[in-house]
Amino acid sequence: MAFNGTWKVDRSENYEKFMEQMGINMVKRKLAAHDNLKITIEQTGDKFHVKESSTFRSIEINFTLGVTFEYSLADGTELSGAWNQEGDTLKGVFTRKDNGKPLTTIRIIQGDELVQSYSYEGVDAKRIFKRS
């Protein structure tokens with residue numbers, strides 16, 4: 001349950017390049033770079049309740065580890081996939097509905113930070129969150 005808590009984005013690494021690879025236009029990339037994303041995670045066993053709030057939207061997501069669900073990114077990209085827990089790591093493998101290409105997301109706690117890594121079409125990025 002190490003992921004439980006509220007996390008506010010602190011910094012990003014290669015995030016704009018990642019968004020460009022995802023096909024997000026320049027205006028949306030510039031806005032997303034300063035979205036003030038806050039994630040609240042509540043884990044109970046293998047069930048998760050996640051609230052994401054940013055400058056642009058607020059959504060709530062409920063999922064169970066290993067169970068496929070549907071999700072839309074802030075830019076409207078629709079995905080289908082599942083999260084799995086491997087030790088202290090959450091790994092999400094999603095497929096884009098528009099082109100069938102995979103997007104992998106990994107969440108891990110490192111010290112007092114939540115590191116969320118993304119990988120799409122050979123481009124990797126990270127967003128680092130601090131507990132708030």
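This is a predicted model: local features need pLDDT of at least 70, side-chain atom pairs count only at pLDDT 80 or more; totals for chains, interfaces and linings use all residues.
The lining of the largest pocket comprises 22 nonpolar, three polar and eight charged residues. Of its 33 lining residues, Y15, R57, Y71, L73 and A74 are the closest to the pocket centre. Contributions of at least two residues each come from α1, α2 (26-32), β3, β4, β5 (69-72), β6 (78-86), β8 (102-110) and β9. Helix α2 gives the most to this lining, with four residues. Y15, one of the residues closest to the pocket centre, also takes part in a charge–ring contact: the charged end of R127 sits over the ring of Y15, 4.2 Å from the ring centre.

The structure holds eight aromatic pairs. Among them, F18 and Y118 are stacked, with a centre-to-centre distance of 5.0 Å and an angle of 25° between the planes. Because F18 belongs to helix α1 (residues 15-21) and Y118 to strand β9 (residues 113-120), this pair ties together parts that are 100 residues apart in sequence. Both F18 and Y118 are buried.

A further stacked pair is formed by F48 and F63, whose ring centres are 5.0 Å apart and whose planes lie at 5° to each other. F48 is located in strand β3 (residues 47-53) and F63 in strand β4 (residues 58-64), so the pair ties together parts that are 15 residues apart in sequence. F48 and F63 are likewise buried. Ring pairs extend from these two residues into a cluster that links F48, F63, F69, W83 and F94.

Terms used: Residues are numbered from 1 along each chain as its sequence is written. Side-chain values use heavy atoms; hydrogens and water are left out. Rings of Phe, Tyr and Trp (its six-membered ring) pair if their centres lie within 6.5 Å; planes under 30 degrees apart count as stacked, over 60 as edge-to-face and the rest as tilted. Buried means under 20% relative accessible area, exposed over 50%, partly exposed in between (1.4 Å probe, protein chains only). A charge sits over a ring if NZ of Lys or CZ of Arg is within 6 Å of the ring centre and within 35 degrees of the ring normal. On a 1 Å grid over the protein atoms alone, a cavity is a set of points where a 1.4 Å probe fits but cannot get out, and a pocket is an open set with protein on both sides within 12 Å along at least five of seven lines; lining residues have an atom within 4 Å of a point. Ala, Val, Leu, Ile, Met, Phe, Trp, Tyr, Cys and Pro count as nonpolar, Asp, Glu, Lys and Arg as charged, and the others, Gly among them, as polar.
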